[in-house]
Amino acid sequence: MKNFNGKVVVVTGAGSGMGRSYATMFGRLGSKLALCDYDDKGLQETAALVQSQTGKAPLAVKVDVSDKAAVYAFAQQVKDTLGNAHVIINNAGVSGDGGPVWDKTDATYERVMAINFWGVVYGTRAFLGQLMDNREGAIVNVSSIFGLVGTPNNSDYCASKFAVRGFTESLAVELSSSNIQVHLVHPGGINTNIASKAEHKKFAEKFLTTPPDEIVEVVRQCIEKNEPRIVYGNNAARVWFAARYLPFKWFKSILWKQMGPTLDPRPYDRLR
């Protein structure tokens, strides 16, 4: 897919971070934008920013991507208002609550999976028919480098991002003989507010350093080149290499050495 001018581009989680950067970038490229987020205040700020830059108001709708009916209703609204989507970027996501497995609740896992995984499944399936009708399109599903490795205090988040990876890789094979591109994004340490909770502060300060505008530009280039896997951001290449080639017992020690100092030691006290 080489040209985005006049094409309908859908971005979930558009209220901040990478979602806002996707919106402003595709807006500058002349795309017709359909934006959604659960944070309506942030979403309207993004919509106003896009309009100030392009002179065109995007379709901006408050949507909880974990709500199947709401996502499908949004897809129908996009079709009725702008026409069939050409690009769907399933970007919406949340962090976990921090802490090891034994200090989490079942509700935490259910919440993170509902947004990070089911939100991607619903977004993909709700818009896939529109892409098929166009006989072209691109699906961009955002996983994480934590969809490549399991890291301490992130079992809920990692599980959801591994699930996005498996779903998207399967989809890519299924659509390999079609004109619909599938892209799986593994962002590294991108400077967004996804890890804004107090318990993630040390981690965010150390690892989340890459500006979101950088990775969305890389994603655009990879859509144009039809590159299916996109690994970019602070530590992303290093993690990708280590996950592929290092024995897990070595990599496990490296992860603990790197991330241990950013963790709250109190949940681990009972193990000593």
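Is Cys158 buried or exposed? Cys158 is buried, with a relative accessible area of 4%, where buried means under 20% relative accessible area, exposed over 50% and partly exposed in between, for a 1.4 Å probe and protein chains only. Cys222 is likewise buried, at 13%. A disulfide is a covalent bond between the sulfur atoms of two cysteines. Taken as a pair of cysteine sulfur atoms within 2.5 Å, disulfides number zero here.

The model is predicted, so that local features need pLDDT of at least 70 and side-chain atom pairs count only at pLDDT 80 or more, while totals for chains, interfaces and linings use all residues. Residues are numbered from 1 along each chain as its sequence is written, and side-chain values use heavy atoms, with hydrogens and water left out.

The aromatic residues come next. A pair of aromatic rings is described by the distance of the centres and the angle of the planes. Rings of Phe, Tyr and Trp (its six-membered ring) pair if their centres lie within 6.5 Å; planes under 30 degrees apart count as stacked, over 60 as edge-to-face and the rest as tilted. By this rule there are six aromatic pairs. One of them joins Phe146 and Tyr157 in an edge-to-face arrangement, with 6.1 Å from centre to centre and 80° between the planes. Phe146 belongs to the loop between β5 (137–142) and α5 (155–174), whereas Tyr157 lies in helix α5, and the pair, 11 residues apart, links distant parts of the chain. Helices (H or I, at least four residues) and strands (E, at least two) are DSSP runs, numbered from the N terminus. Elsewhere, ring pairs join Phe117, Trp118, Tyr122 and Phe167 into a cluster.

A charged side chain also meets a ring. Lys62 lies over the face of Tyr38, at 5.0 Å from the ring centre; the rule requires NZ of Lys or CZ of Arg within 6 Å of the ring centre and within 35 degrees of the ring normal.

Most residues other than glycine have a negative phi, and most peptide bonds are trans. Arg135, however, has a positive phi near 60°, and its place is the loop between α4 (106–134) and β5. Asn153 also has a positive phi, near 70°, and lies in the loop between β5 and α5. Arg135 is exposed, at 67% relative accessibility, whereas Asn153 is buried, at 13%.

On a 1 Å grid over the protein atoms alone, a cavity is a set of points where a 1.4 Å probe fits but cannot get out, and a pocket is an open set with protein on both sides within 12 Å along at least five of seven lines; lining residues have an atom within 4 Å of a point. Grid points are joined across faces, edges and corners, and a volume is the space filled by probe spheres set on the points.

Two cavities of 30 Å³ or more are present. The largest holds about 40 Å³, and its lining includes Thr12, Cys36, Val65, Phe74, Asn90 and Gly119. Helix α4 gives the most to this lining, with three residues, and α3 (68–82) also supplies at least two. By class, the lining has six nonpolar, four polar and no charged residues; Ala, Val, Leu, Ile, Met, Phe, Trp, Tyr, Cys and Pro count as nonpolar, Asp, Glu, Lys and Arg as charged, and the others, Gly among them, as polar.

The second largest cavity holds about 30 Å³.

Finally, Asp80 is placed in helix α3 and is exposed, at 60% relative accessibility. Asp80 and Glu169 are 89 residues apart in sequence and 30 Å apart in space, C-alpha to C-alpha.
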